[in-house]
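Here is a short briefing to read alongside the model. Please keep the sequence and the 3D view open as you go.

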Amino acid sequence: MFSGSSAFLGTAILLAATAFSLAQTAKKPPAPSGKEIAERGASLAEGGRCSDAMPLLKKAIHQTLERELKKRVGLDGIHCAMTHDTPYDALEFLDVLGRDFPNDPEILYSETHAFSDLSVHASHELMREAPFSYQVHELNAETLEAQGKWDEAAAEYRRILEINPLVPGIHARLGRALLSKPQLTPEVIAEVKKNFEAELEIDPNNASAEYVLGDLAKNENDMAAAIRHFSRAAKLDTGFSDAYLAWGMALNSEKRFSEAIPPLETYESQAPDSPTGHFQLALAYAGVGRKADANREAALQRQTAETLEQVKRKVQEGLVQQSPSDGAQTPPPQ
């Protein structure tokens, strides 16, 4: 008798628990959709509540959203990150927007300012954390170069070399700063050459240093040295198209046409729209008696030159159209 009652009681309790659980499940609201999260985060951000918005925006930017909503989320996320002292949070949004909206002018504009602000932020961190490091001098030198203050930039690079003469890249940077000066005396050229040679002692795989030394040798009419440096630059960096062109041109100037063909063919494969490449290859083919190939390259040279000229004209026409109207006041040149 009691056994049956106990079984009945157990069943009743189980049914009641199940009913309660179902009732609780029915009352639980559904999880918000990705669109709802995105719109909520954007609304909070645009209302000035960035601290509340950021967790939602970070989640929403990685979800599948309608394009305009994703763009809104990304721009709001960048704005919140850059204006609420968490600048590196912007990188997550910049990554997604740069991938999904590669040609959008509004996104590109926002990226420009964000990366600029990140650069300034990092430079301030460097100044505060390591004010006496050589990297501070390097940053100063780069700033001076951007302002066209070549002597001052060179002085900063020399200070770095006083601190540590074996820092990779600094001799080359010093050489480039000196090369950028408006007047290049023989003494300056000698110092430039010395610095790029020193760079190669530190970094023998520096293709750019080899190329500059080749250019200096060419200007001094030392074609054997020029060919040697240009060939090394091309072999060190197989994607360095200008090195292949310079190598081939130097060989052509020495009438070593058969040797010039391989580097010039490589250059042409990397820069098929270059009239100079086609012209130099035509010279090399003609030099070894390959008349048909020379004629083909000469025709390509004319075609690419005409195309380039058309592009230049369109750019010029665009600039003219954007210039001030006849009635507008044009500011005097500075």
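Residues are numbered from 1 along each chain as its sequence is written, and side-chain values use heavy atoms, with hydrogens and water left out.

**Helix α8**
- The buried residues of α8 are Ala153, Ala154, Glu156, Tyr157, Ile160 and Leu161; buried means under 20% relative accessible area, exposed over 50%, and partly exposed in between (1.4 Å probe, protein chains only).
- Viewed down the axis of α8, these buried residues fall within an arc of 160°, so they line one face of the helix; the arc is that of the directions from the helix axis to the C-beta atoms.

**Overall picture and confidence**
- The protein chain has 16 helices and 0 strands, taken as DSSP runs (helices H or I, at least four residues; strands E, at least two) numbered from the N terminus.
- Of its 334 residues, 35% count as buried.
- The average pLDDT of the protein chain is 87, and 86% of the residues score at least 70; pLDDT is the predictor's confidence in each residue, from 0 to 100.
- Over residues 325–334 pLDDT stays under 50, and the model has 1 contact beyond four places in sequence for them.
- Where pLDDT is low, the predicted coordinates should not be read in detail.

**Salt bridges**
- The count comes to 21 salt bridges, each a side-chain nitrogen of Lys or Arg within 4 Å of a carboxyl oxygen of Asp or Glu.
- A network of salt bridges links Lys70, Asp95, Arg99 and Asp100.
- Within it, aspartate 95 and arginine 99 meet at 3.9 Å, N to O, and both lie in helix α5 (residues 90–100), 4 residues apart.
- Arginine 99 also pairs with aspartate 100, the closest N and O atoms being 3.2 Å apart.

**A buried aspartate**
- Aspartate 76, in helix α4 (residues 67–83), is buried yet has no salt bridge; arginine 72, the nearest side chain of opposite charge, is 4.2 Å away.
- Lys and Arg count as positive and Asp and Glu as negative, while His and the chain ends are not counted.
- Beyond its neighbours within four places in sequence, aspartate 76 is in contact with Ala42, Ala45, Glu46 and Leu57.

Conventions. Predicted model: local features only at pLDDT ≥ 70, side-chain atom pairs only at ≥ 80, totals over all residues. Contact = heavy atoms within 4.5 Å.
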